[in-house]
Amino acid sequence: MEFQSQVLAFLEGSRNEALTLFFTSVTILAEKTFIVVLLSILYWCIDKVRSKRLAWFVLFGAVGNGIVKNIVRMPRPYEMGVVKPLRVETATSYSFPSGHTQTATSFWAGSMVILKTKSSMILGTIIIILTALSRLYLGVHWPMDVLGAIGFGLICIYFANQLLGESGMLNKWHVLGSSILCLMVLVFKGDEDFCNAVAALWGFCIGGYVEQKYIQFEMTHSLKINIYRVLIGIVGILVIYLGIGKLLPDMIFIGMIKNALVLFWIIAAAPYLFKKIIKAS
């Protein structure tokens, strides 16, 4: 622990405006809002199957991260008076393993698994390392948090890939498993981030199953249609997320409903609307 404290103290002493701006920007790339919007655009406009696999990796990793965090319950370094944090509003749960670093690992290492290209491996590795460094620079994680997140993220990708496969097809077992996990979370409870991750996975599994069975929307090369898709899709996310937040009380259960609905909208409801609009035009 003393060595980890020394690392954080060194990084705190190295802070300046340029580095703070850089590492803040890097850490934003691994935050929920950015990842959700990016995956949504990829799913709606670029490649449905690969994007669905990538989203599965990220959500599976987020749930796994939450399980470990709620078991270990490691306090963050600034909570122990080791360092003064920056962007502390992003530190919403326990410390080990780092959620941002694991999200970056899930997304970028998952991209490596899917794309199998040298460029994805180089870019992904750089961003994962920079994300880990950003969490240390900002003083919101211990070095062991980010190292554990990378290792655990890779393990989660392996098992997630085994459970879904290259076809990206979700079946009734994915729906049943995520539903049981949701019920378990409601009974045994956990921190808010973990509950939201489980609910998002549940909405994703149900939405994916419904889309495959009843909707089956297709990619298009029309820039105009893709712009419409993105605009409609993002507006829908905002309506659900902000609307529920305004109308209903701020409770963990309500947050779970909100996250499940957002993922269901992204993967099933929005594509259904896309098909209807195209038919009508």
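Phe22, Phe23 and Tyr137 are joined into a cluster by ring pairs. Keep in mind as you explore that this is a predicted model.

**Aromatic rings**
- The structure contains 8 aromatic pairs.
- One of these aromatic pairs is made by tryptophan 56 and phenylalanine 60, and it is tilted, with 5.6 Å from centre to centre and 45° between the planes.
- Tryptophan 56 has a relative accessible area of 4%, so it counts as buried, the cut-off being under 20%.

**Charges over rings**
- Tyrosine 137, a member of the ring cluster, has arginine 15 lying over its face, 5.9 Å from the ring centre.
- Tyrosine 241 has lysine 258 over its face, at 4.3 Å from the ring centre.

**A nonpolar patch on the surface**
- Which residues form a nonpolar patch on the surface? They are Trp173, Leu176, Ile180, Met184, Val187 and Phe188, and together they have about 680 Å² of accessible area.
- Valine 187, one of the patch residues, sits in helix α8, which covers residues 172-188.
- Is valine 187 buried or exposed? Its relative accessible area is 60%, so valine 187 is exposed, as the cut-off for that word is over 50%.

Note on methods: Residues are numbered from 1 along each chain as its sequence is written. This is a predicted model: local features need pLDDT of at least 70, side-chain atom pairs count only at pLDDT 80 or more; totals for chains, interfaces and linings use all residues. Side-chain values use heavy atoms; hydrogens and water are left out. Patches are made of residues with over 30% relative accessible area and no salt bridge: like charges are joined within 9 Å, nonpolar side chains (Val, Leu, Ile, Met, Phe, Trp, Tyr) within 5 Å. Accessible areas come from the Shrake-Rupley method with a 1.4 Å probe; for residues, only the protein chains shown count as cover. A salt bridge is a side-chain nitrogen of Lys or Arg within 4 Å of a carboxyl oxygen of Asp or Glu. Helices (H or I, at least four residues) and strands (E, at least two) are DSSP runs, numbered from the N terminus. Buried means under 20% relative accessible area, exposed over 50%, partly exposed in between (1.4 Å probe, protein chains only). Rings of Phe, Tyr and Trp (its six-membered ring) pair if their centres lie within 6.5 Å; planes under 30 degrees apart count as stacked, over 60 as edge-to-face and the rest as tilted. A charge sits over a ring if NZ of Lys or CZ of Arg is within 6 Å of the ring centre and within 35 degrees of the ring normal.
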